[in-house]
Amino acid sequence: MDPKRSRNSHESVNSSESTRFPDEVLERVLSLLTSHKDRSSVSLVCKDWYNAERWTRTHVFIGNCYSVSPEIVVGRFPAIRSVTLKGKPRFSDFNLVPENWGADIHQWLVVFAEKYPFLEELRLKRMTVTDESLEFLATSFSYFKAISLMSCDGFSTDGLAAIATHCKNLTELDIQENDMEDNGGGWLSCFPENFTSLEVLNFASQQGDVSFDALEKLVDRCKSLRVLKVDKYVKLEQLHRLLVRAPQLTDLGTGNFQQELTPRQCAELESAFSNCKNLHTLSGLWDATSLYFPVLYSACGRLTFLNLSYAALQSGDLAKLLPHCPNLRRLWVLDTVEDEGLEAIGSSCPLLEELRVFPAAPFDLDINRGVTESGFIAVSRGCPRLHYVLYFCRQMTNAAVATIVQNCPDFTHFRLCIMNPGQRDYLTGEPMDEAFGAVVKTCTKLQRLAISGLLTDLTFEYIGKYAKNLETLSVAFAGSSDWGMQCVLRGCPKLRKLEIRDSPFGNAALLSGLAKYESMRSLWMSACNVTMNACKLLAREKPRLNVEVMKDDETDSQVDKVYVYRTIAGPRRDAPPFVLTL
Amino acid sequence: MSPEMAKKLRESDAGGLNFEETELTLGLPGETRDQKTGTKRGFSETVDLNLGGSSGVESKGKKCNGDPSENETSVAAKPPTGNDQVVGWPPVRSYRKNVMRKTGKYVKVAVDGAPYLRKVDLEMYNSYQQLLGALEEMFTCFTIRNYLNERKLMDPVNGSEYVPTYEDKDGDWMLVGDVPWKMFVESCKRLRLMKSSEAIGLAPRTPPQCSSTSC
């Protein structure tokens, strides 16, 4: 060991001890590290460790595709087999980001094709992916195994056909919740007859028929298939034929659950379900009513995740089903089940950890049914392990939320959406400040928070003061002045993602985060009170941030949308004309 | 807030209804309630909401009156005055909007002798049998299920029979069950469970054709 060998940073004992490990040993050890956060920490220790880490990294996670460029990625990590990329800001899910904003995968694929010929996996979220890109992907990487697209746009079933045709080693085709154009279901027939490696097949978001014959044959020959999620055009009768060919499934998404069956067909379906001994996740169930629930009962005892968010069930339906599902950890439902349905959850699912209640008719003012605060309380009483909730409702009270978090103090994700913007506590008429105050005071592990209802700056004071583990905050129609946003920026040390819409935060608030934004992934503000001058100032002071502005009016100084994110790639070169990079 | 006021609010908020929806305004049912700024907020008489001249227009581009000198207790956030006027609110992903059933086909159900009406969503059912079973559950005085050829419901308490009828698109009162289910769903405007004794004048029932879409 040469003590004079130059060290990049830390001198002294630690780094000299680390040089006793030959590189091969260090690399062997580091190759066992999978968490990208751990790997990030490792790479900061010293130059040797940085190098060992970069040579052994096989999976790279990029939370914002514009924070880095494909060239930089391939330059640092030579041995990548698996890439996860996220693109557009989350509010693009709610149409707040105009079309053609960016986040196109193609340039990444071009670079990867050259430097990562052994690429096996690609997982994308909120990216634009064209059929041409999918074809390019399918033909450029001979070892390609797994593709997962969530909330992406720009492609059609033709792109899937390209994947099916060319990817001989495909194990995973996971198309989740996308805007996918439907050019027919013939893509399933593109899998070659000798193709048997598929383990995950999810086309639940398809909006049309598939060739069932091809599907049946595919399921029959892929003996390792463990995840199968079909679209709503697959009938119950057809589901039966699939199940008998794939009893090994762990994760099933049914098609339509509302066909008229003869008693014999029912019995056969029931038998098929009871043969699925490994089934732990069930979804789909389009148009399900309680009529055919009995066929599921034998499988329900093993279920840990049940997604009923496409079945407009009533409370009675849920009350019939849930006693058969005592092992549920995660449950998604529509608010058609109402408070009574939630009471059934509270009494039947003591192990529940995650609940999501989606609105069946969110834009309909006539239909005032749904869930209220009492349903939420009932769940909190019966499910003390609850730590993740997404709850859409039309009324709430401060007292109810206080009770709920008393019952369930371990919330890590608390997303409450009172659907009428700026709505007060309906019993006391007060703002909902105390509700979220209770949440942040009691739930010390809170990582993600979405707030709603009538909220003043007090809510934000509470958040800044108590939410010390908060990483993601979503704000809409809330706050009274700049002070609110300032409290959060000053008080939440772990904040990474802040998204705000329609709130009265202005320039002072924006600029108060000057020192903070580089430690965050991104900030989004739309329909707030920010002007061009402040954005320009921010951009000038912080060259390592991209400050992107979208304005309604050319001449106006008012900024409609601003998106701020840290980057080492400089301003993006593919910005459309309506995005101004300052 | 006075106890009386709170009680009044609770009373008007029966059964999970958003009480603001029962607030009296001018206008046809189902119209968005954004005609007047400031009236949407139920307790607005106690709070000075500065709506900055907006009147239900899309929230983007709205000028907020975010004067830093505004004190903390006055609320300056600009809640829009109608859910369906705001882009991207409530935050439901477009994928979920597309795949969920729309509002369904809700029709009123009247029962002779009952003081109030109910509403059912015809799209929740696949057959006459299912619908009549649901009606039976809804009006719990009926305990005899109605199957297939029998198109009347029996009230065991007072022994009167009820005949399900409906008003169709042309405004005519028809006997439930004559037409295929889907045709019925499309043309039905409201339902009435009529006492048998009053159902004079309707054509005598004939057994329906057997088909996979009938009840």
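**Chain A, view by view**

Figure 1. About 22,400 Å² of chain A is accessible surface, and carbon and sulfur atoms make up 50% of that. Keep in mind that this is a predicted model. Along its principal axes, the C-alpha trace spans about 80 × 65 × 55 Å.

**Figure 2. How the chain is put together.** Chain A folds into 21 helices and 23 strands. Its radius of gyration is 26 Å, close to the 25 Å the globule rule gives for 582 residues, so chain A is as compact as a globular protein of that length. Buried residues account for 60% of the 582. Take the contacts between residues at least 6 apart in sequence: 70% of them join residues at least 24 apart.

**Figure 3. Confidence, and the start of the chain.** The average pLDDT of chain A is 93, with 96% of residues scoring at least 70. Residues 1–13 are another story: pLDDT there is below 50, and the stretch has 13 contacts in the model beyond near neighbours in sequence.

**Figure 4. Close-up of helix H8 in chain A.** H8 runs over residues 157–166 and is mostly covered, with seven of its 10 residues buried. Those are Thr157(A), Gly159(A), Leu160(A), Ala161(A), Ala162(A), Ile163(A) and Ala164(A).

**Figure 5. What lies against H8.** The buried residues of H8(A) pack against one helix, H7 (131–140). They also pack against strands S4 (146–150), S5 (153–156), S6 (172–176) and S7 (179–181) of chain A.

Note on methods. Residues numbered from 1 in each chain as written. Chains lettered and ligands numbered in written order. Predicted model: local features only at pLDDT ≥ 70, side-chain atom pairs only at ≥ 80, totals over all residues. Heavy atoms only, no water. Helix = DSSP H or I, 4+ residues; strand = E, 2+ residues; numbered from the N terminus. Rg over C-alpha atoms; globule rule 2.2 N^0.38 Å. Buried < 20%, exposed > 50% of the residue type's maximum accessible area, 1.4 Å probe, protein only. Contact = heavy atoms within 4.5 Å. Areas by Shrake-Rupley, 256 points an atom, 1.4 Å probe, with all protein chains shown as cover. pLDDT = per-residue confidence, 0-100.
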